[in-house]
Structures are given as structure tokens and as C-alpha cells.
Amino acid sequence: MEKRKARLRDGREVTLRLLEPNDKEQLLGMFTRFSQDALMWSNPPYDEEKISRWMGGAETGLSIVAVFDNNLVGIAAIHEYTRPRKKGTGGMVIYIHQDFLGVGLGTTMTKNLLSIAEKKGLHRIGLWVIEDNKAAVGLYRKLGFKIEGLLQDAYFGTDGKYHNMLVMGIVFPEN
Ligand SMILES: CC(C)(COP(=O)(O)OP(=O)(O)OC[C@H]1O[C@@H](n2cnc3c(N)ncnc32)[C@H](O)[C@@H]1OP(=O)(O)O)[C@@H](O)C(=O)NCCC(=O)NCCS
């Protein structure tokens with residue numbers, strides 16, 4: 001993907017580009033600045049080990065970031081599975097910093113990422129999302145992901161309760 005500008009609904013402009021190998025410190029920094037609320041339905045910790053794994057996305061060209069004022073404010077990434085029986089399939093994650101929620105950044109990043117994945121020939125992108133994460137479920141549905149299944153009480157929330165997890169996926173039949 002070429003570096004590109006994206007105008008958000010509140011008028012701010014962010015730059016979208018591929019994740020680069022020297023983004024690791026910035027990415028770690030972004031997660032330390034996330035509020036508890038923004039990470040309410042996620043799967044912490046976002047520590048050095050996890051971020052190091054994600055940096056593999058800088059090699060595959062399937063991770064994109066949003067930059068505002070020289071700071072990373074969002075990441076959307078697909079991990080392509082490498083085993084032969086999982087050929088052409090991958091899993092997706094997306095995280096937007098709380099100062100940029102609800103203004104279209106998630107939509108723009110996901111659209112761009114799906115388009116990269118389709119062009120690279122991926123056949124299926126899957127993900128797991130907590131049923132109560134309304135913003136995420138709404139975003140994925142809007143962009144064509146289907147709910148494929150439900151895992152009962154598979155997630156223990158910060159509210160001390162169990163929550164259902166949805167399995168969602170999108171298929172590019174031509175690939
Ligand atoms: C999920 C997430 C990526 C959405 O990003 P975003 O930039 O806020 O989303 P957008 O502004 O592009 O909105 C996309 C769609 O999401 C839905 N949505 C967004 N906020 C919503 C909310 N508070 N309630 C219900 N639906 C909502 C809507 O369908 C919206 O489409 P619309 O604007 O056309 O109505 C973002 O909330 C996030 O990063 N959350 C924290 C991390 C996380 O939970 N990631 C998902 C893990 S599976």
C-alpha cells in the first residue's frame with residue numbers, strides 16, 4: 001500500500017501506511033497510552049512479547065498503522081497462517097486509540113487492510129470478538145464479515161462476568 005492520507009469525520013487527517021520494522025517502540029507506547037475503557041473487550045497484556053510478535057507484520061505487508069502528529073494512533077493487522085492446511089487464511093485484529101474512536105478511522109483502516117489482503121490472494125479472514133463489543137461487531141458486519149458461531153461464556157470481562165465470543169469471518173471467493 002502506498003502511504004495515503006485519510007480525512008476523519010471530525011476533520012482531522014491521519015496518514016495510513018504499512019507497519020515498518022522500526023515502529024516497535026511507538027507501537028508499545030501506543031498501547032501504554034490506551035485507556036482501560038478502550039481495551040475493555042481486548043486481551044491484555046500488550047507487552048513486549050506480544051508486540052514483538054506483531055512486528056512480524058512489518059515483513060508480510062499485512063499490517064497497517066495510522067499516524068497523527070508523528071504518533072501511532074491505530075493498527076489493523078492480519079496474521080496469515082503458514083501451515084499448509086490453513087493456506088490462504090488469516091486472523092485479524094484492530095485497535096484504535098481512544099482519542100480517535102467513532103470518527104471513521106476503524107472503517108477506513110479495515111477497508112484498506114481487506115483490500116490489501118484480497119490483492120495478496122488471501123481467501124479467508126477470521127476473527128473472534130466479544131459479543132458485547134458493539135463497536136467492533138458493528139464495524140465488522142458493515143464491512144462484510146459474517147457471524148459464523150458463538151462461544152458461550154468464553155471471555156471473562158473486567159466487569160467480573162463471563163461474556164460470549166463471536167466467531168466472524170469474510171471470504172474472498174475469487175481467491
Ligand atoms: C472496534 C473499533 C476498531 C472501531 O473503530 P472506530 O474507528 O471507532 O469505528 P468507526 O468510527 O469507523 O465506526 C465503524 C462502525 O462501527 C460501529 N460503531 C462504532 N462505534 C460504535 C458504538 N459505540 N456502538 C455501536 N456501534 C458502533 C458502527 O457500525 C460504525 O459504522 P457507522 O459509523 O457507519 O455507523 C474501535 O472501537 C477499537 O479500536 N476498539 C478497541 C479495541 C477493540 O475492541 N478492537 C476489536 C477487537 S476484536
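A residue counts as buried when its relative accessible area is under 20%. In this predicted model, His163 has a relative accessible area of 8%, so His163 is buried. Let's start from that residue and then walk outwards through the rest of the fold.

**Around His163**

His163 sits in strand E8. Its side chain makes a polar contact of 2.6 Å with the side chain of Asp132. If we set aside neighbours within four places in sequence, the residues in contact with His163 are Trp41, Ile130, Asp132, Asp153, Ala154, Tyr155 and Gly157.

**The sheet**

What is the strand order of the open sheet? Its 8 strands follow the order E1-E2-E3-E4-E5-E6-E8-E7, and the pairing is mixed. Strand E1 (4-7) and strand E7 (146-156) form the edges, each pairing on one side only. From one strand to the next, the twist averages 25°. E5 and E6 run parallel and are joined by 3 bridges; Gly90 has Ile125 in E6 as its bridge partner. Helix H1 (residues 24-33) lies across E4 and E5, and H1 runs at about 110° to E4.

**The nonpolar cores**

The largest nonpolar core is built from 35 residues, and Met92, Leu105, Met109, Ile125, Tyr140 and Phe145 have the most contacts inside it. Among the elements that give two or more residues to this core are strand E5 (89-96), helix H4 (105-119), strand E6 (124-130) and helix H5 (134-142). H4 supplies the largest share, 6 residues. Another core lies apart from this one; it has 18 residues, including Leu19, Phe31, Phe34 and Leu39.

Ile125 is worth a look of its own. Leaving aside neighbours within four places in sequence, Ile125 is in contact with Ile78, Gly90, Met92, Leu114, Ala117, Phe145, Met168, Gly169, Ile170 and Phe172.

**The ligand**

Which residues are closest to the ligand? Of the 22 residues that surround it, the closest are Ile96, Gly102, Gly104, Gly106 and Thr107.

How values were computed: Residues are numbered from 1 along each chain as its sequence is written. This is a predicted model: local features need pLDDT of at least 70, side-chain atom pairs count only at pLDDT 80 or more; totals for chains, interfaces and linings use all residues. Side-chain values use heavy atoms; hydrogens and water are left out. A nonpolar core is a set of buried Ala, Val, Leu, Ile, Met, Phe, Trp, Tyr and Cys residues joined through side-chain atoms within 4.5 Å. Buried means under 20% relative accessible area, exposed over 50%, partly exposed in between (1.4 Å probe, protein chains only). Helices (H or I, at least four residues) and strands (E, at least two) are DSSP runs, numbered from the N terminus. Contact means heavy atoms within 4.5 Å. Two strands pair if DSSP finds at least two bridges between them. Axes are lines fitted to C-alpha atoms, for helices over the stretch in contact, and angles run from 0 to 180 degrees between N-to-C directions. A residue is near a molecule or strand if one of its heavy atoms lies within 4 Å of it. A polar contact is a pair of N or O atoms within 3.5 Å; within protein, one must be able to donate a hydrogen and the other to accept it, and residues adjacent in sequence count only if both atoms are side-chain atoms.
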